Amino acid sequence: MALITGCSSGFGEAIASAFASEGYEVVATMRNPDNAPESLKAIAAETPDSFVLAPLDVTDAASRQAAVDLTVKRFGQIDVLINNAGIGARGSLEDTPEALWRKMFETNLFGPIELIRLVLPLMREQGAGRILNVTSVAALLKTPFMGAYCGSKHALDAATIALDTETRSFGVRAVCVMPGPFKTSLPANSLDREASEPYAKIAATFNSTFDGMEAHAPEDFTPVVEAALAAAHDADPDMRYPAGTEPVKILPPILEALAPLRKIGLHLTGQD
Ligand SMILES: NC(=O)c1ccc[n+]([C@@H]2O[C@H](COP(=O)([O-])OP(=O)(O)OC[C@H]3O[C@@H](n4cnc5c(N)ncnc54)[C@H](OP(=O)(O)O)[C@@H]3O)[C@@H](O)[C@H]2O)c1
């Protein structure tokens, strides 16, 4: 059984559909299920016993609790939590006001963390569970003019890897799904800040390069779906599941170099 956030479009829609095809019971959540994509409305109509559309604003505590309660009431368990919902924003650190930094972290970090805290007691009781956090290649790259987004994803990456060492003895594993650029509604909904004069020149270069990359980004989300399925199924999962072409292609040797860092957490907790 999988509880998935941010299913109104993009990766969340594709992942919810794929997990249903794999035989999972799914609670596909979104802020407003009335606006659910037709693909998911069709699955819910065809298989109402195993596929449910439900409201969830990840920044709202009551909404998080209600979605978890609904899932447990309906299916009695949560095997996989997929924290997919997220927002983006471009802007220099100086041009990005505190309110936007906070909104970014509320959505991309604190919401996922609080959902994890809600499902962990159940997963511990089950003696099994898998938590998939959709981060981004930006979590490692630390792209300029995207400090708030990269910061939120970097923090989620760190929290995920720490969590995985804390909960593995309960049978609960936490992993990052780390996509590169794909053509979703993320850029259209991005909370961009215009560059102030001192940043205008390099921001213009960045924006034109990044716009070009987004324009040529793949529209087929299969690599992300496959990464999510592997992250959910692998018996001893990796820390991070990269998905995509450019600039994800540079990741494998970097991730391989970082992999031994997990041993430190295992050593510190006597789990090596
Ligand atoms: N596209 C990429 O190139 C890319 C690359 C790396 C990582 N990612 C990550 O992939 C994840 C999915 O993004 P996407 O690319 O598929 O973009 P998307 O199509 O814009 O999907 C984002 C989803 O997040 C939801 N959302 C935003 N704020 C929310 C909130 N407060 N509560 C609940 N749901 C909320 C949106 O729902 P509403 O319809 O309610 O706004 C939407 O369903 C994000 O975490 C993103 O950072 C994307």
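A residue is called buried here when its relative accessible area is under 20%. Phe-145 has 12% relative accessibility, so it counts as buried. Keep in mind that this is a predicted model.

**Aromatic rings**

- Across the whole structure, a search turns up 9 aromatic pairs.
- While Phe-145 is buried, Tyr-199 counts as partly exposed because its relative accessibility is 24%.
- Phe-145 and Tyr-199 also belong to a cluster, linked by ring pairs, with Phe-206 and Phe-210.

**A charge over a ring**

- Arg-124 places its charged end over the ring of Phe-170, 5.8 Å from the ring centre.

**The ligand and its shell**

- The ligand is surrounded by 28 residues, and the closest are Ser-8, Ser-9, Arg-31, Tyr-149 and Thr-184.
- Sorted by class, the shell holds 12 nonpolar, 13 polar and 3 charged residues.
- Helix H1 (10–21) and H6 each contribute at least two residues to this shell.

- Ser-8 has a polar side-chain atom 2.5 Å from a ligand oxygen atom.
- For Tyr-149, a polar side-chain atom lies 2.7 Å from an oxygen atom of the ligand.
- Asn-84 uses its backbone instead, with an N or O atom 2.7 Å from a ligand oxygen atom.
- The ligand taken alone exposes 880 Å², and the protein buries 91% of that.

Technical notes:
Residues are numbered from 1 along each chain as its sequence is written. This is a predicted model: local features need pLDDT of at least 70, side-chain atom pairs count only at pLDDT 80 or more; totals for chains, interfaces and linings use all residues. Side-chain values use heavy atoms; hydrogens and water are left out. Rings of Phe, Tyr and Trp (its six-membered ring) pair if their centres lie within 6.5 Å; planes under 30 degrees apart count as stacked, over 60 as edge-to-face and the rest as tilted. Buried means under 20% relative accessible area, exposed over 50%, partly exposed in between (1.4 Å probe, protein chains only). A charge sits over a ring if NZ of Lys or CZ of Arg is within 6 Å of the ring centre and within 35 degrees of the ring normal. A residue is near a molecule or strand if one of its heavy atoms lies within 4 Å of it. A polar contact is a pair of N or O atoms within 3.5 Å; within protein, one must be able to donate a hydrogen and the other to accept it, and residues adjacent in sequence count only if both atoms are side-chain atoms. Accessible areas come from the Shrake-Rupley method with a 1.4 Å probe; for residues, only the protein chains shown count as cover. Helices (H or I, at least four residues) and strands (E, at least two) are DSSP runs, numbered from the N terminus. Ala, Val, Leu, Ile, Met, Phe, Trp, Tyr, Cys and Pro count as nonpolar, Asp, Glu, Lys and Arg as charged, and the others, Gly among them, as polar.
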